[in-house]
Amino acid sequence: MYRLSTPQEEREFEVFIEALFKQDNPIKVRNELYRLNVPAPYRLRIKVLYSQVSVEDVIDSLVGKGRLLRFKGESRSYLLKTMIGKRNPVEVSIPFYIESFDKNGLHENVQAIIAICKTNQWNALRRLSKNSYPKLVPILLSQAELIQSARRLKKVTGHSVNVRALSAKESFNGEKGTFKKSVRVWTDEELEKALLSIQDRRQILTSIDIEFFHVIGDQTHVRPTAICKIRKNGEIEVTGSYKLAFDAVATQIAEVGASKLRFFAGRGLRLSQYKPRPLAVNFSQPVFQKAAAIRQFVQILSKYPHSMHAVEHGNPYAHVKLTDIYDGSSFDVWAISPSRIALMPGLKASEAAFERLVDYIFDRFREGQIADYGYEGKNL
Amino acid sequence: MVTKEKIFRAELDKVNDYEQTVNAILAFAAFVVHDGTSQRPNSQFGFGRRMEISPNNLKTPSSEITPDLVAQKSKRYGIVAEAKKSLDQNQSNWIQHVEQLRKYDDDLKGWWTENEKIDKSDAVMLIHQSRGRLFRDFLENRKKEDTDSVGPNTSIIEFNESPETEPYYFFRIEFGNIQDSELMRNIYEGKQVPLEKVKISFSNIQYYDAKPPLPLLLIRLWTDYFPSKLDEGEYDEQKKAMKIQANVYDVTDELQKAFGSQALYKDERSGEFPKQKWIKEAFDELLRADAKIIHHL
């Protein structure tokens, strides 16, 4: 892998990338992406997104309002002109493209943004999608989903899969209690070994860098076909084969995300014709046996970002009313049983709001299994 | 000195009392209509159901009553109940409750049977454990003074929310008898109904036929109804707020469908709650507070 060394080279490369995305036919764009070698400090980046309608329609609705324009032709390609940098702001043009998962039978409400850019440019694109929330919803993977997806990649690709690095949060006991620290671990372990070590250390993954090695018989190629950094927020940073990264990794994330958001959808009382469809977060072990755990849970909920809350009970069980200020969804959150949290939707409870709340509980409290709240509720 | 904290605490207590009463009524209804594995045949229950008193009623003949709970176990047996989480400190105000029970202890019409009558029924005061014994003493004294003041099929069942690892509602009979032997056996020993089961079966029921404390309605409007309408609103640049339209009729109807009477079995005798006038009072309170909904972007 080579690296562009001068600003002139970078400018020329960016013009080339714009020309690539500007092509009038999506097949041409795709074929060029398959052939392309991306030099550092640029990376091919993919972000899988969900929308109630189509991601493309939401992006189209932003065209003309700000600094976003759509290239002519059939390709779903766009150019974002924006300022980056705080001290010395510079105007940049970031071309990007929207790819569908239609060949995998997924509806256009799950699509991916593809860009070839540097980190600060990518952050500007992230802001574009973040500012469009909840019309554009990121796919937020749980630890279990991230691990399951990684495991499945081995089968789907037929490649040998190694973990190259991982970023995680780890708990440690300090003088004033238990704290979390972020760790970045470099390794070269086979996937299963790495996953075991993650479990042993009770690490909470935020991203995992996976290498795919071509295998023929018992022989494994010395160089990886692709290296993918998969983040919990549905983003992939690709080095090497775009085809492998998109067909295997992005598609896997899209399928997991679509299935999860479909499970969350239609549960608001107004949309469900006032038939309650509450959800449960089930834990394999009792977690609310002590009042301290209930108090901790209530405290966590009361710090839920972009929300209003009312604590109705904090002992001996928890009952907190939460309103998501992004889109007005509301929930009654109950912790009655020692090993279960109930999420009762209010009049409106969008799938985006459900996903955000569940992700927050998983991240700040602990991960569980999502299911319908009931005696024999269906699992996600 | 009355501090803000004390006022807040008192209001929160009222909210908790109301919610516990709703849960207790639901748990007791479940105890009557459910056999532990499935709903009993021909069983039904309703909150604030309009029942007709018989012409022979000692208190108000041929009038209508709306007990907090009417629970029919089968085509032959049912219970009408009034629920009280707390009672006035002044015991002389308890007479009204005794008189109310006396009205309920009657051959009532309005059951879910062909002729709306039932063979046997009991009138129950469902009361929190903290007041159970005192009310029993009061009732017994009244009975000594006037044997007709307490009906033959009147009983007191106390309830309590038990703060165990898995909270449950506990019911036990304190006065009188239940004519149904199966229910009597259970309620004599004491019956536990897990709160979790109540929530699984009736996750959305938030109100019954009694007026909720104003903060409870305001919380529902402020944290649920109004935010759910933000999509339909228009941003007011001047006020830096979202303008949404809401009227008492629509709000009442939707809260009934989602959390009240329309979320339970409904027929022409069913009670209606939350009531329009309660919602209007909540709106008036919001107007007094010069409410604005700030749309956080």
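In the hairpin of S3(A) and S4(A), 5 residues lie between the strands, and A:Gly85 has a positive phi near 95 degrees. Strands here are DSSP runs of E with at least two residues, and helices are runs of H or I with at least four, numbered from the N terminus. This is a predicted model, in which local features need pLDDT of at least 70 and side-chain atom pairs count only at pLDDT 80 or more, while totals for chains, interfaces and linings use all residues. Residues are numbered from 1 along each chain as its sequence is written, and chains are lettered from A in the order in which they are written.

**Exercise 1.** Find how S3(A) and S4(A) pair, and over how many bridges.

*Solution.* Start with S4(A), residues 90-100. This strand runs antiparallel to S3(A), with 8 bridges (DSSP must find at least two for a pair). Next, look across from A:Thr82: A:Val92 in S4(A) stands opposite.

**Exercise 2.** Which residue in the turn between S2(A) and S3(A) has a positive phi?

*Solution.* First locate S2 (68-70) and S3 (77-84) of chain A, an antiparallel pair with 3 bridges. A:Leu68 faces A:Leu80 in S3(A). Then follow the 6 residues between the strands to A:Gly73, whose phi is about 105 degrees.

**Exercise 3.** Describe the side of chain B that touches chain A.

*Solution.* Begin with the count: 23 residues of chain B contact 29 of chain A (C-beta atoms, placed from the backbone, within 7 Å). Helices H5 (195-201), H6 (214-228) and H7 (248-259) of chain B each give two or more residues to this side. H6(B) supplies the largest share, 6 residues.

Conventions:
Contact = placed C-beta atoms within 7 Å.
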